[in-house]
Structures are given as structure tokens and as C-alpha cells.
Amino acid sequence: MYYNRVLSGMRPTGSLHLGHYHGVLKNWVSLQHEYECFFFVADWHALTTHYDEPEIVERNVWDMVIDWLAAGVDPAQATLFIQSRVPEHAELHLLLSMITPLGWLERVPTYKDQQEKLSHKDLSTYGFLGYPLLQSADILIYRASRVPVGEDQVPHVEFTREIARRFNHLYGREPGFEEKAEQALKKLGARRARIYRRLRTRYLEK
């Protein structure tokens with residue numbers, strides 16, 4: 001993880017307005033002078049709800065970048081990019097999907113909330129369900145430590161932490177990890193060791 005790295009993105013689903021400036025862009029302009037910043041046009045994220053209107057997404061991509069520049073986001077101070085031009089986002093999303101329990105995605109609060117708010121759209125797709133996982137891939141691929149998001153997106157950041165923990169549990173263990181863990185458990189005592197094993201089993205079965 002890079003402790004001074006910021007990652008943030010914006011979906012090109014429509015024209016920007018003053019709310020975007022005061023809620024996001026003004027903060028970006030400030031952050032770019034303090035941290036290593038990566039700001040991206042989240043066009044793949046836009047397709048999760050606008051998959052039937054790709055022309056709108058495509059048209060808004062460059063208009064959005066122009067608005068960023070006009071607001072003071074400086075390419076000399078921050079890295080700006082379009083999500084779909086970096087295929088590694090999709091590759092990592094695919095790989096993470098192999099280890100992500102379906103129940104984790106279904107429990108993300110914004111899943112049902114957005115379905116209700118956008119009831120005029122057919123959002124019974126994996127793209128929409130997997131939106132938080134794509135966001136996890138965005139964050140993890142750059143190993144960003146600071147991810148400014150709105151209040152409704154906080155569960156997505158927590159979800160990313162859980163995905164990272166699960167990935168590390170499955171693939172990040174050093175040789176002899178289980179043996180060392182058993183030795184450590186013996187030092188905890190029988191009661192604490194039982195609690196640990198019960199909690200670990202419950203976590204792995206989620």
C-alpha cells in the first residue's frame with residue numbers, strides 16, 4: 001500500500017454541475033498538491049447502469065475530462081486516465097470474482113437501494129451486482145491508501161478491505177503458515193484456541 005496515494009473516479013453518466021464541483025472537484029484540486037493522485041473516468045462503472053445507452057457514456061467521457069481541467073485539476077500534478085483504457089482493471093476484477101462469495105455482493109447496502117431508485121431500469125445483471133467488486137479492483141490495483149468517496153460508497157471501501165483479507169488468506173500465506181499458527185494457538189490456551197477456530201471457520205464459510 002502507498003500511504004500517500006489517492007484514488008478517486010467519476011462516472012460519465014451525464015453533464016457535470018455545481019454539485020460535482022463542490023462535492024468532488026474542489027477536493028481533488030486541493031488533494032493534487034498534497035498527495036500522489038490518480039483521478040479516473042469510470043466509464044466501465046457507468047455501463048453497470050447505462051449498458052443500454054453506451055453512446056451517452058462515450059459522449060460524456062471527454063466532456064467530463066474537459067470539465068475537470070476547467071475546474072483546476074492539473075495533469076502535471078495528478079494522473080488522469082480513462083478506466084477502459086487500462087484493461088488490467090477488468091482483469092483484476094475477473095480474478096477477484098473467482099474468490100468473492102455471492103452473498104457478500106448481495107449484502108452490499110447500495111445494491112437494493114439503487115435498484116429501488118432506478119426501478120425503471122433492468123438492473124438484474126451481474127454487472128450491477130458486481131459494481132462494488134469492480135471498485136475493489138480499481139482501488140487494489142493502485143494500492144491506494146486514501147479513497148475519497150461519498151457516504152453511500154463507504155460500504156464499498158469496507159467491502160474492498162474484506163476482499164483484500166480474503167485474497168491474502170487464500171494466497172498470501174508463507175510456507176509453513178499452518179504449522180506456525182498451530183504453535184501460536186497452543187500458547188493461547190485451550191479456551192481461546194477454540195474461540196479462534198470457531199471464528200475462523202465461520203469467516204471462511206461466509
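Contact is taken here to mean heavy atoms within 4.5 Å. The structure is a predicted model, in which local features need pLDDT of at least 70 and side-chain atom pairs count only at pLDDT 80 or more, while totals for chains, interfaces and linings use all residues. Residues are numbered from 1 along each chain as its sequence is written, and side-chain values use heavy atoms, with hydrogens and water left out.

Leaving aside neighbours within four places in sequence, H50 is in contact with R11, T13, V57 and K121. H50 is part of helix α2, residues 43-50; helices (H or I, at least four residues) and strands (E, at least two) are DSSP runs, numbered from the N terminus. With a relative accessibility of 13%, H50 counts as buried, where buried means under 20% relative accessible area, exposed means over 50%, and partly exposed lies in between (1.4 Å probe, protein chains only).

The buried residues are D43, H45, A46, T48, T49 and H50. Among the elements that cover them are β2, α3, β3, α7 (126-129) and α8 (131-142).

For the chain as a whole, 11 helices and four strands are found. The C-alpha atoms fill a box of roughly 65 × 40 × 30 Å, taken along the principal axes. Of the 206 residues in the chain, 36% are buried. Among contacts with a separation of 6 or more, 79% are between residues 24 or more positions apart. The accessible surface comes to about 12400 Å², and 55% of this surface belongs to carbon and sulfur atoms; areas come from the Shrake-Rupley method with a 1.4 Å probe, and for residues only the protein chains shown count as cover.

In soluble globular proteins, nonpolar side chains tend to be buried together. A nonpolar core is defined as a set of buried Ala, Val, Leu, Ile, Met, Phe, Trp, Tyr and Cys residues joined through side-chain atoms within 4.5 Å. The largest such core in the model has 16 residues, and those with the most contacts inside it are M10, L25, W28, F39, V41 and W68. At least two residues of this core come from each of β1 (2-10), α1 (18-31), β2 (36-41), α3 (54-71) and β3 (78-82). Helix α3 gives the most, with four residues. Not counting residues up to four places away in sequence, M10 touches L16, H20, V24, L25, W28, F40, V41, A42, M64 and W68. Apart from this core lies another, of 13 residues, including L96, L105, V108 and A137.

Charged side chains number 26 positive and 26 negative, and the centres of the two sets lie 14 Å apart. In this count Lys and Arg are positive and Asp and Glu negative, with His and the chain ends not counted; the place of a charge is taken as NZ of Lys, CZ of Arg, CG of Asp or CD of Glu.

Side chains of opposite charge can pair when their charged atoms come close. The structure holds six salt bridges, a salt bridge being a side-chain nitrogen of Lys or Arg within 4 Å of a carboxyl oxygen of Asp or Glu. One of them joins D52 and K121 (3.9 Å, N to O). This pair links distant parts of the chain, 69 residues apart, with D52 in the loop between α2 and α3 and K121 in the loop between α6 (109-117) and α7. D52 is partly exposed at a relative accessible area of 48%, whereas K121 is buried at 17%. K121 also forms a salt bridge with E53, in which the closest N and O atoms are 3.5 Å apart. E53, in the loop between α2 and α3, is 68 residues from K121, and counts as partly exposed at 24% relative accessibility.

E162 is partly exposed, with a relative accessible area of 27%, and R165 is partly exposed at 45%.
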